[in-house]
Amino acid sequence: MSEQLKFIVEQLNKEPFKKNFNLITFDTLEPMQLLQILNDVLAEIDPKQALDIREEMPEQTVKRMCALLGMLKYKPPGNLSDVTSFRQGLVTGSKPLIHPILHWLLQRVPELKKRAYLARFLVKLEVPAEFLQDDAEVNKTYHKECEQLRTSGFSTAEIRRDISAMEEEKDQLIKRVERLKKRVESVSNHQRMLEQARQLRVEKEREESLTHQKQEQKNQLFQAEQRLLRSQQQLKDMRQAATDANPESLMKRLEEEIKINSYMVSEKLPKELEGMRRTVQYLQKVALEPAMGQADLQELEDKIKEADCQINHLIEKRMMRNDPMDDNLTLYRQQASIIIRRKESKAEELQEAREELAAAERELRQRSSQAQGSDGEEVIRGDELKRLLVKLRGKGTVYKKKRQEIAELKAEYGVLQRTEEILKQRHETVQQKLQTMEAEKGISGYSNTQEELERVSAMKSELDEKKGRTLDDMSEMVKKLNSMIVEKKSALAPIIKELRSLRQHCQELSQEYEEKKAQYESCAAGLESNRSKLEQEVKALREEMGQKENRYHYINSMSEMQMRRAAEEMKAYVSSDPQERKKAIREVYMKNISEQELLGKKLREEQKMVRDSHSTNMEQMKMWCDLEQLMECKRQCFIKAQSQVSIGQVIQEGGEDRLVL
C-alpha cells in the first residue's frame, strides 16, 4: 500500500499535474479533494472531463466517472467488484477505492489517452440509412497508418538529409557517366560494345526472373505436397473412425449428448438466466435510488451488523439443539451439494470446450477460404508487405545512421561527463554555502528536514502495519508534524527566498548553456557537411588529376616514339647506300604509288576494251538465249511425242519430216 501511495504522489508531482504533494499531505486530503484529483487525472486522459465537481450533482459525477472508467476497461479489485459498493465509494470519496483507481490510471496514461480518443469514433450512433457511412473504419485505418509512421523511426530531417545525400550522389554519378562517355567515344566500335553490354544485362535480368519463377514453382510444389499429405491423413483418420463406429456406440454417445443438453437447458441455463435477471433488477433499483449520504451509509452498516448478529444467534441455537437426524441429513445435504457443484463445474468446462471448438472451426474455415482464394499460397496483407519492403529498403541506410549516431553519442557522452563533473562541483559548493547560512541563522539541519519527514512517514507506515494504530492516533501525529513543518518553514522563509534567486540564476545559466550548446551543434553540423562536401570535391579532383597525368605520360611516350622514328627516317633518306634508301618510308610509299598507278592504267585499258566489245557481246548473249529457248522447245516436243500413242510413222529425208499413216 505504501508503494502504491509513493507512486501516486510521484506521478501527481510531475507534469502536467504539479500538485506538490508528499505522503502525509496526500493522506490527509478530504474526500471532495480526493475526488477532484481523480477528476483532474480523468480530464488529462479525456479533456471533456475538465470541470469542478462542486458545481455538479453527485449522481452526475458518479455516472460520468463510471461511464469513462467502463470505457477505459477498468476492473475494480475483488473486494470492490459489487456495483453498489463501487458507486457508494465514489460518492463518499473512499480512499481504499480511489487509490487503486489513481494507481491504475497513472500507470498507463498514454495508452488510455489513445483509447479515449478512439472511443469517440467507435461508439455506435443511430444514424439514418441515407447518411450512414463507414467513417469509423476509415478513421481507424488512417489512425493506424499515422501510428505506424510515427513509430517507424523516420523523421523529416533524416529524410531531407537522405534526399540531399542522394542528390549529391546523383551529381557525382552524372559526372562519372560523362567522363566514361568521353573515354568510350575514343574507342573504336563502342556502339557495338554498348549494345552487347545492354544485351548481356537484359539476359542477366531474364536469368534472375527465371530463377525467381523456378523458386516460386518449387514453393508451390512443396505446398501442394503438404496439402496432399494433410488430405491423406484426414482420409485415413476418417476411415479409422468409420471402422471403429457401430450402432451401439453411436446410440450411447447420442444419449450422453442428449442428457448433457437437457441438463444445460433445464437446470443450468435457467439458473444463470434467473441470476442475471436478479442482477439487472438490483442494478436498476440501485440506479433509481437517490445519492446516499454519510448518515444513510451508517444506517445501512448498522442494519448489516444487526443481520449478522441474528444469523450468528440462529447458528448457535441450531448447534445447541444438535439433533442426530439433522446430522444425518446434513451429511446427505453436503454430499448432494458437492455433487451439484461438481456437475455445474463440469457443465461449465463443457460449455467452454464447445466455445473453443466453435472458435477453432471458424478460424479453420476462415484460413481455408483465404488459402483457396490465394491458390494455396501464404496470405500476406498489404500493410505487412509494405512494412517488409520498407524494412528491406532501409537496412542499407540504418547501419550508416547507427554508426553516425554512435559517434555523436560518444561525443555527447564526453561533453555530458564533463558537465556532470562541473555540476557536482557546483552542487557541493551550494551545499556548503547552504550549511554555512543555516549555521549563521541558527537553524542548521533544515536541508535534511525533507529526508527526515520521509523517514518518519516510512516509520509511521511500518508501525501502522505492525501495531494497527487507529485513525485518531495518525491524525494527531499528522497535526504535530504539520505544526513542526510550519515552524520550520517560518524559520527558513528568508533562506528560501535567497535560494529562489539562486535557482533562478541557475536556470538562466542552464538556459544560456542550452542555447550555446544548440548553436555549437548547429555550427558543428554545418562544418561537418561542408567538410564532407570538400572531401568529395578533393577526391573528384584527385581522380581527374590522375587521369590527366596518365594522359600526359601516354602523349609524352608517343611523341618520343614519333621523334625517334622521324630521326631514323631522315637518316635513311640522306644515306648514300641505295639499300638503306629502299628501307625509307618515303621510298616505300613512292614504290606503292607507282604500282597503284600502273594497276589503274591497266584497269582503264580493260574498261575501254569492255566498252568496245559490249554491243557484240550483248548480241551474242541474245543469240545464245534464243538457242536455249529453241532447244527447250524441242525437248518439250520430244517428251510430248513420246507420251502420245503412235498414229503413223515419221520419216526424215533430206532435212524434212514426213508422217506416213
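# A tour of helix contacts

Start by selecting residues 31-45 and residues 95-107: these are helices α3 and α6, which pack with their axes 11 Å apart and at an angle of about 20°. You are looking at a predicted model, so keep that in mind at each stop. Angles under 35 degrees count as roughly parallel, and therefore α3 and α6 are described as roughly parallel to each other. Their crossing is left-handed.

Now show the side chains where these two helices meet. On α3, pick L34, L35, I37, L38, V41, L42 and I45; on α6, pick K95, I98, H99, I101, L102, L105 and L106. What classes of residue make up the contact of α3 with α6? There are 12 nonpolar residues, 1 polar and 1 charged.

**Next stop: α1 and α6**

To see the meeting place, select Q4, L5, F7, I8, Q11 and L12 in α1, then H99, P100, L102, H103, L106 and Q107 in α6. Colour them by class and you will find 7 nonpolar and 5 polar residues, with no charged ones. As you look along α6, notice H99, L102 and L106: they take part in the contact with α1 and also in the contact with α3.

Move on to residues 58-71, helix α4, and pick out T61. Is T61 buried or exposed? Its relative accessibility is 7%, so T61 counts as buried. Show I53 and E56 as well: setting aside neighbours within four places in sequence, these are the residues in contact with T61.

**Zoom out**

Bring the whole protein back into view. It has 20 helices and 2 strands. Of its 661 residues, 13% are buried. Among contacts with a separation of 6 or more, 58% join residues 24 or more positions apart.

Finally, colour the model by pLDDT. The protein averages 77, and 79% of the residues score at least 70. Then select residues 375-380, where pLDDT stays under 50. For this stretch the model has 9 contacts beyond four places in sequence.

Technical notes: Residues are numbered from 1 along each chain as its sequence is written. This is a predicted model: local features need pLDDT of at least 70, side-chain atom pairs count only at pLDDT 80 or more; totals for chains, interfaces and linings use all residues. Side-chain values use heavy atoms; hydrogens and water are left out. Axes are lines fitted to C-alpha atoms, for helices over the stretch in contact, and angles run from 0 to 180 degrees between N-to-C directions. Helices (H or I, at least four residues) and strands (E, at least two) are DSSP runs, numbered from the N terminus. Angles under 35 degrees count as roughly parallel, over 145 as roughly antiparallel, 65 to 115 as roughly perpendicular and the rest as oblique. A crossing is left-handed if the near helix is turned anticlockwise from the far one by less than a right angle, and right-handed if clockwise. Contact means heavy atoms within 4.5 Å. Ala, Val, Leu, Ile, Met, Phe, Trp, Tyr, Cys and Pro count as nonpolar, Asp, Glu, Lys and Arg as charged, and the others, Gly among them, as polar. pLDDT is the predictor's confidence in each residue, from 0 to 100. Buried means under 20% relative accessible area, exposed over 50%, partly exposed in between (1.4 Å probe, protein chains only).
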